[in-house]
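Have the viewer open and follow along.

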Amino acid sequence: PSKQPITVGPSKRPSIFPSETPSKSPSNEPTTSPSKLPTTTPTPRPSKTPSNAPSSRPTSSPSKAPAKKLTLEPSGSPFIKLTNSPSDMPTREPTIKPSVAPSVRPMSSPSKEPTSDPSTMPTRSPSNQPTKEPSSEPSASPSKAPSRSPSNQPTDVPTTDPSASPSTRPTRYPSHQPTKDPTSQPSATPSTRPTSSPSGQPTKMPTAEPSTTPTQSPTRSPSTKPTPQPTQPFPTKKPTGSPTFQPTCAENGNFNLCIALDMSGSVCNGSGGGQCESCEPLNQCNSGGEKPSICCPNFSNMLEFAKDLTTALGELSTDQDFSLVHFGTEVSIASTLDSWRQAIKSINKLRYTGGMTNLAGAITSCQLTLDQSPSDRKNLMLILTDGAPSVPGSLQNARNVATAAAQDAIGKETFIIPVLIEEPNPFDFAVTYLRNNISSDGKVFLSDFEGLNDLQETLFEQVTCQTNTNDNKDTLWEQK
């Protein structure tokens, strides 16, 4: 017989295995395996696995040293010391130093120092310093400093400075500065600054400024500025035809026009990067002596332009109505289809909101105002924005849903006219995106905020050419 002490009373249910030392009182339920040391008082339910020694109570903060085994979920704050391997889920806040190996899922914000190896998935925003080795897929936006070697795939947005050596595959858009060595093949579009010597083949589109010396072959269309030296041979074989081949469009069509005004933070933040929601903070967003409801001269210029164009179109002898939408992160319909005088009143009531650029919501809301229009009118949509869409979701998702909204509107025979308000650069990513994915005819009209009124005559003609009953669509003037 055993000399070990026995329990005072029997357990309600027997244990699967006997304990080394019995408890003073029985547990409500048996443990799966015995504890090495009994607890002072019985627990309501046994642990699934035994403890080496019981804790008096759980800790409210993480241990100074990490656990020997990985936890299923991270602590609320990171450990002081690094773990040898990452957690299954990232911590809510970035650690002071990176883990030895990357986490399976990226954190919402980058670490203060990059990891020795790249993550399996890119972070939402780039690290302050590039990784030692390129990642398998590029980040959505470029790093502040270029990597030592080019990425396997080019970034969606060009970097500010080119890499030391060219990429194996050409980028979709040119760098702001040309590479030191020429690439094996020319870029799809030219660089903003000319190269020191001409390319072997001319680019498909003219550069903003001519090369120092002319190319061996002529371009399909002329440059915006003449070259310092004449082309060979000279002069041209035939003079330009005068007058133009087709007349200007007649102003005889009935129409509805929805104007969508961009109120995102970049309109007033002075390239500071803030969202300027409700023009806050004032010291970064409020400028030019404007009251906070207008916030900055850029937004004031946009409102004046919208009122001037609405008045000019409203004074036509045809029948027309106007609706108004404004967009930042959120989108609002300021007025449904009504007279041009009522549209002016609605513009005067607008208040700057700030936020991100929800282009998809703007297009969808504009189309909602046009869906109930009379069948004898042409529906048009004029979008004034200062950049590509940035919400909802990721940048790529924002572009995809805006493209889908535009295609849906165009499928309903709405003609979309995008106006990009920034320093004119016909090869900017936003220009290419709006031209290929949003515009009904591939045209994008460029201006800075101060020069918006110079576009009024051009956009007036663009509207009337689309609405006239003679369908003279080939006479449109393209903004270069």
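## Salt bridges, and who is buried

Lysine 443 is buried, with a relative accessible area of 13%. On this scale, buried means under 20% relative accessible area, exposed means over 50%, and partly exposed is in between (1.4 Å probe, protein chains only). Before going further, some housekeeping: this is a predicted model, where local features need pLDDT of at least 70 and side-chain atom pairs count only at pLDDT 80 or more, while totals for chains, interfaces and linings use all residues. Residues are numbered from 1 along each chain as its sequence is written, and side-chain values use heavy atoms, with hydrogens and water left out.

Back to lysine 443: what does it pair with? Its salt-bridge partner is aspartate 441, with the closest N and O atoms 3.7 Å apart. A salt bridge here is a side-chain nitrogen of Lys or Arg within 4 Å of a carboxyl oxygen of Asp or Glu. Aspartate 441 is partly exposed, at 26% relative accessible area. As background, side chains of opposite charge can pair when their charged atoms come close.

Searching the whole structure turns up five salt bridges. Here are some of them:

| Lysine 307 | Glutamate 304 | 3.1 Å |

Glutamate 304 and lysine 307 sit three residues apart in helix 2 (residues 297–314), so about one helical turn separates them. Helices (H or I, at least four residues) and strands (E, at least two) are DSSP runs, numbered from the N terminus. An α-helix has 3.6 residues a turn, so residues three or four places apart point the same way. Glutamate 304 is partly exposed at 38% relative accessibility, whereas lysine 307 counts as buried at 16%.

For the lysine 412 pair, both ends are partly exposed: lysine 412 has a relative accessible area of 41% and aspartate 408 has 43%. This pair also belongs to a network of salt bridges that links Asp371, Asp408 and Lys412.

The model has three aromatic pairs. One of them is phenylalanine 429 with tyrosine 433, a stacked pair at 6.3 Å centre to centre with 25° between the planes. For the rule, rings of Phe, Tyr and Trp (its six-membered ring) pair if their centres lie within 6.5 Å; planes under 30 degrees apart count as stacked, over 60 as edge-to-face and the rest as tilted. These two residues are four apart in helix 6 (residues 429–438), so they too are separated by about one helical turn. Both are buried: phenylalanine 429 at 16% and tyrosine 433 at 5%.

How do helix 5 and helix 6 cross? Their axes come within 9 Å and cross at roughly 40°. Axes are lines fitted to C-alpha atoms, for helices over the stretch in contact, and angles run from 0 to 180 degrees between N-to-C directions. On the helix 5 side, the contact (heavy atoms within 4.5 Å) is made by Arg399, Ala402, Thr403, Ala406, Gln407 and Ile410, and helix 6 brings Phe429, Tyr433, Asn437 and Ile438.

## Helix 7

Helix 7 is mostly covered, with nine of its 12 residues buried. Among them are Leu459, Phe460, Val463 and Cys465. The cover includes strand 1 (255–262), helix 2, strand 4 (378–385), strand 5 (415–421) and strand 6 (445–447).

Most residues other than glycine have a negative phi, and most peptide bonds are trans. Cysteine 279, though not a glycine, has a positive phi of about 65°. Cysteine 279 is in the loop between strand 1 and helix 1 and is buried, at 0% relative accessibility. That loop also holds proline 281, and the peptide bond from glutamate 280 to proline 281 is cis, with omega near -5°.

Glutamate 413 has a positive phi too, about 70°. Its place is the loop between helix 5 and strand 5. Is glutamate 413 buried or exposed? Glutamate 413 is exposed, with a relative accessible area of 62%.

A further cis peptide bond runs from valine 391 to proline 392, with omega near 5°. Proline 392 lies in the loop between strand 4 and helix 5 (395–411).
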